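Trainee: May we go through this structure together, by question and answer?

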Amino acid sequence: MDPRTIGVLGGGQLGRMLVEAASRLNIDVVILDKPSDAPAKQIQATKSHIDGDFKDPDRIRELAQKSDILTIEIEHVNADILEILSRENVVIHPSPLTIRLIQDKYVQKTHLSKNHIPVVDFLEVLSRQELMDAASKFGYPFMLKSKTLAYDGRGNYVVRSADDIEEALKSLGNYEKPLYAERWAPFVKELAVMVVRRANGEVKSYPVVETVHRENICHLVIAPAQINGLVLASAKDMAERAIRTLEGAGVFGVEMFLMSDGSIYVNEIAPRPHNSGHYTIEACETSQYENHLRSILDIPLGSTELKVSAAAMINILGKSGDFEECLRPCTKALATPGATIHLYGKKECRKGRKMGHITTVADSIYQLFERIGPIIKVIDEDDS
Ligand code: ATP
Ligand code: MG
Ligand code: MG
């Protein structure tokens with residue numbers, strides 16, 4: 001479909017599914033990540049992949065030399081060198097400015113709030129005094145968060161009372177990493193919307209989905225979200241408005257909190273394919289991965305509509321060092337109509353590590369819950 005080579009910073013499962021979509025379109029992809037057997041490298045046999053750190057300026061430059069367009073599958077990359085390369089006319093999507101803005105969750109929230117996108121109240125915390133100020137402004141519980149390098153809730157601490165403050169500071173590195181505080185959001189549901197943006201500013205969004213987290217890690221995604229039409233429309237509108245404020249092309253994940261009065265706050269944005277969009281592979285007319293490729297190549301976007309009535313994505317998380325345990329829900333899925341298993345080829349299985357996922361599609365929401373019930377039961381039995 002396109003003779004240009006795409007260089008990707010990061011070689012995890014998101015990169016792997018991006019390579020899958022690219023392979024189908026005869027598009028070459030070069031991956032930069034440390035392990036020579038990174039999930040994304042395993043499935044496209046080429047000598048071009050680079051073994052190195054996606055924060056290392058020399059390796060990123062090497063990737064740029066081998067590629068026509070650079071993109072990311074993780075936001076914790078070296079934005080300085082991407083900005084330098086961009087000034088040297090290397091095409092990078094999303095724009096390094098956007099990547100830098102999103103890398104710092106405090107800067108990101110400030111940007112959203114300036115652009116009239118609702119976010120929960122937040123305050124910078126540079127000292128114990130500022131932490132106490134946040135506690136008296138927000139009350140307990142409140143969230144203490146690392147501004148940078150956060151994922152899967154690593155970098156968040158729920159401060160439930162003044163007694164938690166020491167432990168919270170210790171666990172988040174005693175100000176060595178910059179911190180900020182957020183008001184607690186007693187949400188009734190978490191929602192997410194994938195939005196794809198072309199460099200000319202055109203945006204298209206995928207259906208609003210519900211995300212269910214366990215211990216800060218996404219466990220389950222239900223598409224479409226089972227909420228009223230007005231809330232759906234306002235979540236979609238808010239997600240699109242948030243992405244219009246950013247520069248560059250690509251697919252973006254917008255995480256949101258739905259409150260009991262129907263109001264919505266944006267939690268955070270991911271400048272890349274997102275866990276809450278895995279379901280699009282089986283359930284939508286064009287997957288988030290293919291639309292990411294189309295948007296960064298600046299070729300027409302595909303439809304983002306659902307092509308099934310309902311879909312669910314269940315994450316397969318590592319429990320212990322034993323990968324066999326992860327296969328139990330997958331074995332159940334083998335016998336489930338409408339279920340597709342994705343395993344990421346990760347060699348080491350650790351507690352909480354994303355090892356794979358299962359997407360199930362159905363003709364109705366009722367049939368969906370009937371289908372996924374037994375799979376979730378296996379996971380719950382293993383957890384108990
Ligand atoms: P990700 O893996 O999505 O990048 P992260 O480490 O950046 O996650 P957040 O998205 O900030 O973490 O938070 C993880 C989860 O913690 C949220 O999905 C939500 O369930 C909960 N959470 C975060 N902020 C708040 C808040 N202010 N109030 C209540 N719950 C919150
Ligand atoms: Mg995050
Ligand atoms: Mg998050």
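This is a predicted model: local features need pLDDT of at least 70, side-chain atom pairs count only at pLDDT 80 or more; totals for chains, interfaces and linings use all residues.

Trainee: How far apart are the end C-alpha atoms of helix 9, and what span should its 16 residues have?
Mentor: Helix 9 covers residues 229-244. The expected span is 1.5 Å times one less than the number of residues, so these 16 residues should span 22 Å.

Trainee: Which residues of helix 9 are buried, and within what arc do they fall?
Mentor: A residue counts as buried if 20 or more other C-beta atoms lie within 10 Å of its own. In helix 9 the buried residues are Ala-235, Met-238, Ala-239, Ala-242 and Ile-243. Viewed down the helix axis, they line one face of the helix, because they fall within an arc of 130°.

Trainee: Which residues on the other side of helix 9 are exposed, and against which elements do the buried residues pack?
Mentor: On the other side, Gly-229, Leu-230 and Ala-233 are exposed. The buried residues of helix 9 pack against helix 6 (105-114), and also against strand 10 (189-197), strand 11 (203-205), strand 14 (250-258) and strand 15 (264-270).

Trainee: Which residues have the most contacts inside the largest nonpolar core, and which strand gives the most to this core?
Mentor: The largest nonpolar core has 108 residues, and Leu-18, Val-193 and Val-254 have the most contacts inside it. Val-193 touches Val-254 itself, and among its other contacts are Ala-235 and Ala-239, both of which are buried residues of helix 9. The strand that gives the most to this core, with seven residues, is strand 16.

Trainee: Of the residues around ligand 1, which come nearest, and how many are charged?
Mentor: There are 19 residues around ligand 1, of which Met-143, Ala-150, Tyr-151, Glu-182 and Ala-185 come nearest. Strand 7 (142-146) and strand 15 each supply at least two residues of the shell. By class, the shell has six nonpolar and six polar residues, and the charged residues number seven.

Trainee: What is the omega of the peptide bond joining Ala-223 and Pro-224?
Mentor: Pro-224 lies in the loop between strand 13 (217-223) and helix 9. The bond from Ala-223 is cis, with omega about -10°.

Trainee: Is Leu-149, with its positive phi, buried or partly exposed?
Mentor: Leu-149 is not a glycine, yet its phi is about 60°. This residue is found in the loop between strand 7 and strand 8 (156-159). Because 13 other C-beta atoms lie within 10 Å, Leu-149 is partly exposed.

Conventions: Residues are numbered from 1 along each chain as its sequence is written. Chains are lettered from A and ligands numbered from 1 in the order in which they are written. Helices (H or I, at least four residues) and strands (E, at least two) are DSSP runs, numbered from the N terminus. A residue is buried if 20 or more other C-beta atoms lie within 10 Å of its own, exposed if 12 or fewer, and partly exposed in between; C-beta atoms are placed from the backbone. The arc is that of the directions from the helix axis to the C-beta atoms. Two residues are in contact if their C-beta atoms, placed from the backbone, lie within 7 Å. A residue is near a molecule or strand if its C-beta atom, placed from the backbone, lies within 6 Å of it. Ala, Val, Leu, Ile, Met, Phe, Trp, Tyr, Cys and Pro count as nonpolar, Asp, Glu, Lys and Arg as charged, and the others, Gly among them, as polar. A nonpolar core is a set of buried Ala, Val, Leu, Ile, Met, Phe, Trp, Tyr and Cys residues joined through C-beta atoms within 7 Å. Lists of a residue's contacts leave out its neighbours within four places in sequence.
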